Amino acid sequence: MTPLRCAALVLLVALTQPACGTPSRASARRGSHSASLVLNADGGELFVVNPEADSVSRLNVRARKLEQEILLGSGHPTLSASSDYTPVIMPRALALSPDQRTLYVTGQRSASLYAIDLATNRARGAVRVGSEPIGVVVSNDGSSVFVACSQDGTVVRIASSSLRVTAAVHVKAGPWALALSSDESRLFVSHLLDPSISVIDTQRMALKSSWPIPDVAPRSSKPKKLGKRRAAGNDPRLAHGQPRGMYDLALRPGTRELWLAHTLLGTDTAQPALDFESSAFPALGIFHTDGRYEQTLASDAPSVAGSDGAFADVVSGPHALAFTADGAYALLVDANSEDVLVVDAARRAEHALVRPLPGQMPDGIALSPDDHFAYVDERVSGDIAVLELTRNKGGLSARVAGATIARFERDPMPSQLRLGQELFNTANSGRYPITTEHWLACASCHMEGRSDAVTWRFEQGPRDTPSNAGGLLGTGFLFRTADRSQVSDYFHTINTEQGGRFDPARQKSLLDALTAYVNHALPAPVPPTTNPALAHAGERVFKDAGCARCHAGPHFTDSGSGNPSLDLQGRVVLHEVGTCVTSGSFSDVAHLAVNGDARVACAFDTPSLNGVASSPPYLHDGSAPTLLDAILRMPDAPHAEADQRALLEYVRSL
C-alpha cells in the first residue's frame, strides 16, 4: 500500500464514528437530492427530463417501454429562420411528490417550475421562480418545493398547494444541485462554478453557512521519506487543481457525510507542458455535515508509475451521483467519458467501472428501491441505459442489462445538431478521436457550453475561458487576440490540449457538425432578473460613457468590423485598454495567429456582451472577479456610484 493511501486510511479511522461507518441495511435512508430522472415508490415507473425536446418522458421500466412523452409547452422546439435550435423551456431536473401524484420539473429557459398531475399527464400549473432554475427537491410531507435559480443566485421555496413562492434566499453565484438533510432542517446547495457549498436553514429560509471546497495542491510523483516534506518537483499528471463543475451532491445514507461530484482543473501548468493528462481530473469531495472537509478522491494519469489515486481508471465530466440504500457504494455518472464509476464508499476507492455504456452523454442516475437496477439518463442518444446490480462476495457488480429504453417517439433535434452535441460533450476516445484515454471533452472547460471560471496558462499568456453560449456567429474573430476566425479552427485545441487525432480534411463532416452545434444549438444564457427602469438608465450611461464605441452592434462587439469575411490577413481591430499583463510569473507575449500572422502582446479583441452575466471572472486574464470590477477597469468608466449601478444593471440584462 502506498504511503498516501495508508495515511488516508489512518485519517478515515480517526474521523469515523458509528454514524459515519458502513451503515447497516436496516438503518439505511436514501436522501433527497435533485436529479434529471426519478423512479416512483415501487420502482416500476421512471420519469426523465428531455432538455432539447421541452418534455418529460414517463417510462414503464418493467415493460421497458415509453408510456407517454409529456410536453411542457405548446410543442417541441423547431428551427428558427436563421437555423437556430433553441428550446423554450429546457427542463433540467425533477422531483416526485411523496404521494406520487405530482411531478415537479424545473424549466431552465422559461424561469419556471411546472407541476404535472400524473393522473392526467398534464401540467396543473406553473410558477415563475427566477432565472435559469436547475435543481429541485420536495419536502417529505410534500408541502414545500425548493428550487435553485442559477442565474439569479437564489434558492426559493414554493408552497405546493398554491404554487406560490413563499421565500427566497440569496446565495453565491450559480446555485445548481440541491440535497435535503434527513431531518429537513438544512438544504445543501452546490454552485456550478464557485468552489463552495451553501447551507440553508429551511425553517427560517436563511443562509446558515458556506463551506469552501479546497483546491487540491500539486503533488510529486517522486518517492518521499515518511516524516519528511514531499520532494520538490510536482508532477502535473497527478490529480490536483481548482474545483469546478459542481454538478451534483448527495448525502451518504446512514452517515453524516456529504459527497460532491466535480472536476479539478490544473491551471498551474503552462503550455507546452499543459496537455490532456494535466488539465482536468474527475473528483469526489467528501464533507461531514458539521462542515468538516475530509478528502478529495480523484484519478491520476495511468502514465505515472506508482500512482496512488483513488480511482484506477480515468473518467471525465462527473455529472451525477447516487448511493446504494445502505450507503456502501456510490455510483458516479461521467457525462464526457460516458461511463459509470462504482466507488466503495468505506474504502474511498474505485470498485468497478461500467464502460462502455450503450448510449451517449449520461447525465443522471436513479437506483431501484431494492438496488437491483440502476437507470442512467443518456441525454444525447435519447434513451435510458439499464444496469443490473448484484451483491456477491466480491462486493457489488454492475453490468449493462439488455437494450436501452427509448424515450422519444421522434427526436425533434436535427441529427446534425445532435451529432455536434455529442462531439462537444464527448471524451469517449473509443468512439471519436476527440481525446486520448477518455480524458477531455470541449465541455471539460466550456461547462454547459459556457466557461469554467478559471484562467489557463496558454502560450499567448494568461487566458480566461470564454463562453460559447449563444453561438459565435456574428461575434467576429475568436480567441482573445483574434487568433482564429471560425469554430472549425478549434481542431488545433482538440489535437493539442485534448490529445486528439483529428484530421480536418478527412473528418470535415464531424467538424461541420461540431460547428453547427456551437453556432446554432448552444442557447444564449437567460439574463438574470433585473430592474427594467435601472437597466434603461444604464443603457444611457453605456452610450454616454462611450462603451458602444467598441461594444457595438447586435452582439456588442467591433470584432470583425470592416472585415466581414474574417480574413486573418485583412483588417483586425484590437485594443489596448490597460489590462495587459506585463509583470509577475506569467505575462502576455507576442505570438502568431493560426494563419501565421503576428499578434502583439498587449492588444485584445473586443468580447461580445451577450449573456456576459453568466461567465465570471472577466477580462482576458480573469483578473476582474465581478462585472462591476470589469466595468471599473475600463478607461471611461463612470465615476458616480449611481451611474455605476445603472450601467451594471444594463450589462447584466444583455
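Guide: Gladly, and we begin with two terms. Helices (H or I, at least four residues) and strands (E, at least two) are DSSP runs, numbered from the N terminus. Two strands pair if DSSP finds at least two bridges between them. This is a predicted model, where local features need pLDDT of at least 70 and side-chain atom pairs count only at pLDDT 80 or more, while totals for chains, interfaces and linings use all residues. Residues are numbered from 1 along each chain as its sequence is written, and side-chain values use heavy atoms, with hydrogens and water left out.

Visitor: Which residue of β5 is the bridge partner of R58?
Guide: Strand β4 covers residues 55–60 and runs antiparallel to β5, with six bridges joining the two. The partner of R58 in β5 is Q68.

Visitor: Which strands stand at the edges of that sheet?
Guide: The open sheet has four strands in the order β2-β3-β4-β5, with antiparallel pairing. A strand with a single partner has one side left without a neighbour in the sheet, so the edges belong to β2 (37–39) and β5 (65–71).

Visitor: How many Å apart are the end C-alpha atoms of helix α5?
Guide: The expected span of a helix is 1.5 Å times one less than its number of residues. For the 13 residues of α5 (508–520) that gives 18 Å, and the model agrees, because the end C-alpha atoms are apart by 18 Å.

Visitor: What covers the buried residues of α5?
Guide: Buried means under 20% relative accessible area, exposed over 50%, and partly exposed in between (1.4 Å probe, protein chains only). The buried residues of α5 include L510, L511 and Y517. Among the elements that cover the buried residues are α3 (415–425) and α4 (491–496).

Visitor: How are the rings of F276 and W439 arranged, edge-to-face or stacked?
Guide: Rings of Phe, Tyr and Trp (its six-membered ring) pair if their centres lie within 6.5 Å; planes under 30 degrees apart count as stacked, over 60 as edge-to-face and the rest as tilted. The structure holds twelve aromatic pairs. In this one the centres are 5.7 Å apart and the planes stand at 80 degrees, so the pair is edge-to-face.

Visitor: How many residues apart are F276 and W439?
Guide: F276 belongs to helix α2 (residues 276–279), and W439 to the loop between α3 and β31 (455–458). F276 and W439 are both buried. The pair links distant parts of the chain, which are apart by 163 residues.

Visitor: Is Y490 buried or partly exposed?
Guide: Y490 forms an edge-to-face pair with F479, at 5.9 Å centre to centre and 70 degrees between the planes. F479 has 24% relative accessibility and therefore counts as partly exposed. With 21% relative accessibility, Y490 also counts as partly exposed.

Visitor: Which residue lies over the face of Y490?
Guide: A charge sits over a ring if NZ of Lys or CZ of Arg is within 6 Å of the ring centre and within 35 degrees of the ring normal. At 5.0 Å from the ring centre of Y490, the residue is R484.

Visitor: Where is P356 found?
Guide: The peptide bond from R355 to P356 is cis, with omega near 5 degrees. P356 is found in the loop between β25 (349–354) and β26 (362–367).

Visitor: Is H438 buried or exposed?
Guide: H438 is not a glycine, yet its phi is positive, near 60 degrees. It sits in the loop between α3 and β31. Because its relative accessibility is 14%, H438 counts as buried.

Technical notes. Contact = heavy atoms within 4.5 Å.
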